[in-house]
Amino acid sequence: MPTILAVSGSPSPVSSTHQVLTLAADRLARRGHRVEPLAVRTLPAAELLRAEVNHPQLADAAEQFARADAVVLATPVYKAGYSGLLKSFLDVLPQFALEGKVVLPLATGGSLAHVLALDYGLRPVLMSMKPRAVSESFFVHAGGIRKGPGGFAGLEPDTETLLHEATDKFADLVESLTEAATPTVRLVPAA
């Protein structure tokens, strides 16, 4: 099965964005995919902002990105745009870092007015990185998130169903394109 990199562009480890990404990653893992997490917030900030691509942690993250067959990118939406943290990470990757990969953009936001941030803000950047395919974006509005005493307590049932559908469509796309790229070996009997 393909390896999928789950990239969190959230500055907080307990954010709704990170939790939604975790739910999507768990669903992909249950389908048999190898899912590797990458929380951009754990990378050294000064080196990330200076684009020091030779820094060991940034080089390791870029290598992890390069090894993946597919990528899920999760971001909170701030002021109608994806996070600066995710932007900084995408900026240090090679120009065509998504070449041959399938991408699922995920976002969370407090207003339905932010839904288009994925398609008008993030998608053009992703397309410039030459992905094989970009799956349909998925946005989780704050109203679809259940809060508990400790913060995130899950998704509302309808939102969870829609996240499962988006994740499954992405997994189907990854699997079909990966199978199509795998050469078939035919054995011919000796005469």
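Is A51 buried, exposed or partly exposed? A51 is partly exposed, with a relative accessible area of 39%; buried stands for under 20% relative accessible area, exposed for over 50%, and partly exposed for what lies in between, with a 1.4 Å probe and protein chains only. This is a predicted model, in which local features need pLDDT of at least 70 and side-chain atom pairs count only at pLDDT 80 or more, while totals for chains, interfaces and linings use all residues. Residues are numbered from 1 along each chain as its sequence is written, and side-chain values use heavy atoms, with hydrogens and water left out.

A51 sits in the loop between α2 and α3 (56-67). Helices (H or I, at least four residues) and strands (E, at least two) are DSSP runs, numbered from the N terminus. Although A51 is not a glycine, its phi is positive, about 55°. Helix α2 itself (residues 45-49) contains E47, which is buried at a relative accessible area of 19%. With neighbours within four places in sequence left aside, E47 is in contact with E52, H55 and L58, contact being heavy atoms within 4.5 Å.

Two strands pair if DSSP finds at least two bridges between them. Within this pairing, A6 has P37 of β2 as its bridge partner. Together with helix α1 (residues 16-30), the strands β1 and β2 make a right-handed β-α-β unit. Right-handed here describes a crossover whose path from the first strand over the helix to the second runs clockwise, with the strands pointing away from the viewer.

Charged pairs come next. Side chains of opposite charge can pair when their charged atoms come close. The structure holds 11 salt bridges, each defined as a side-chain nitrogen of Lys or Arg within 4 Å of a carboxyl oxygen of Asp or Glu. One of them links R27 and D168, whose closest N and O atoms are 2.8 Å apart. R27 belongs to helix α1 and D168 to helix α6 (residues 157-181), so this pair ties together parts that are 141 residues apart in sequence. R27 is partly exposed, with a relative accessible area of 22%.

Another salt bridge brings together the side chains of E36 and R34, at 3.1 Å from N to O. E36 is buried, with a relative accessible area of 10%, whereas R34 counts as exposed at 52% relative accessibility.

K87 and D91 also meet through their side chains in a salt bridge, at 2.8 Å from N to O. Both lie in helix α4, four residues apart, and are therefore separated by about one helical turn. K87 is partly exposed, with a relative accessible area of 36%, and D91 counts as partly exposed at 48% relative accessibility. Elsewhere, salt bridges that share partners join R27, R31, D168, D172 and E175 into one network.

Helix α5 (residues 117-128) has 12 residues and reaches 16 Å from its first C-alpha to its last, close to the 16 Å expected at 1.5 Å a residue; the expected span is 1.5 Å times one less than the number of residues. The buried residues of α5 are A117, L118, L122 and L126. They cover an arc of only 70° around the axis, which puts them on the same side of α5; the arc is that of the directions from the helix axis to the C-beta atoms. An α-helix has 3.6 residues a turn, so residues three or four places apart point the same way. The buried residues of α5 pack against β3 (70-78), β4 (81-82), α4 (84-92), β5 (102-109) and β7 (138-141).

After α5 comes K130, in the loop between α5 and β6 (133-134). The phi of K130 is positive, about 60°, although K130 is not a glycine. At 40% relative accessibility, K130 counts as partly exposed.

A further loop, between β9 (151-155) and α6, holds E156. E156 is partly exposed, with a relative accessible area of 30%. Not counting residues up to four places away in sequence, E156 touches G143, G144, I145 and R146. The C-alpha atoms of E156 and R146 are separated by 6.0 Å, with the two residues 10 residues apart along the chain.
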